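Take a moment to look over the protein shown below. This short report walks through its charged pairs and then visits one spot in a loop.

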Amino acid sequence: MLHQIQEIDTRIFLALNGIHAPWADTFMYWVTQRNTWIPLYAILIIWLIWKYQQRAAGMIASLVLTIVIADQTASTLLKPLFERLRPCYVTYLQNKIHLVVEGCGGTYGFASSHAANSVGLAAALYLLVGKQYPWVVWFFVPWAFIVSYSRIYVGVHYPFDVLTGACIGVVAAFVAVKSVEKILALKKSSH
C-alpha cells in the first residue's frame, strides 16, 4: 500500500514538476526563498499593531506559536521519523527532475515545512481576522498555495509532502490560536 502511494506521488510530482517555463522558474525561485517574504511579515505585524493595538500582542503570539508548532512538527518530528528522501535525492529521478534551486535542502522532505508554515500562517490569520477582514484571507490563502506549490515546482518536495505540510499548518493554527485565546482569557479572569 505505501509503495503504491509513493508511486502515485512520484507520478504526480513528475507531471507537476515537468510543467515549467523560464519565466516561471525565476518567479518560483523567488517564491520559494524564505527571505523573500520578510517584508510581507513586517508589514503584517505593523498592520496588526496599527489595527488592533494592545490586542495585537496576542495575535502576533498566535502567529509565532503557529509557525513554531508547524515548523517543529514537520522538521524536527516527521522528517527524521519517516526519513523520506526528497525527490531531488532519489537517484533514479535525478535526470527526470527540473531542479530550479541551487541545492536540494535537507536530505528528508516529509513533510514540507514551507507548506506547514505558509498554510499555518494563512489559517491563523483566517481564525484571527478573517471574518472582519476577508481580504486577508483572499490574499494569504492563494499566497500559501503558491508558496506550497513552489516546493514541487522547484523539485524539492513530493505533492504528499506538501499536502501533509498544509494539514499540519491548519492544525497548528487552530491549536495555537485557541491556546493563546485560552491563556489570555485565564489571565484576564485572574485580574
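A salt bridge here means a side-chain nitrogen of Lys or Arg within 4 Å of a carboxyl oxygen of Asp or Glu. Side chains of opposite charge can pair when their charged atoms come close. By this rule the count comes to four salt bridges.

Before we meet some of them, a word on the model. It is a predicted one, where local features need pLDDT of at least 70, side-chain atom pairs count only at pLDDT 80 or more, and totals for chains, interfaces and linings use all residues. Residues are numbered from 1 along each chain as its sequence is written, and side-chain values use heavy atoms, with hydrogens and water left out.

| Pair | N to O distance |
|---|---|
| R84 and D9 | 2.7 Å |
| R84 and D161 | 2.7 Å |
| K178 and E181 | 3.5 Å |

Let's begin with R84. Its side chain meets that of D9 in a salt bridge. Helices are DSSP runs (H or I, at least four residues), numbered from the N terminus.

R84 also forms a salt bridge with D161. Here the partner sits in helix α7 (residues 159–189), and R84 and D161 are 77 residues apart. Together, D9, R84 and D161 are linked in a network of salt bridges.

Are these residues buried or exposed? Buried means under 20% relative accessible area, exposed over 50%, and partly exposed in between (1.4 Å probe, protein chains only). R84 has 14% relative accessibility, so it counts as buried. D9 is buried too, at 5%, and D161 is buried at 0%.

Now turn to K178 and E181. Both lie in helix α7, three residues apart, which is about one turn of the helix. K178 is partly exposed at 38%, and E181 is partly exposed at 37%.

Finally, visit T107, in the loop between α4 (56–82) and α5 (113–129). Which residues does T107 touch, leaving aside those up to four places away in sequence? They are R84, L85, R86 and Y89, where contact means heavy atoms within 4.5 Å. T107 and R86 are 21 residues apart in sequence and 6.2 Å apart in space, C-alpha to C-alpha. With a relative accessible area of 40%, T107 is partly exposed.

Conventions. Helix = DSSP H or I, 4+ residues; strand = E, 2+ residues; numbered from the N terminus.
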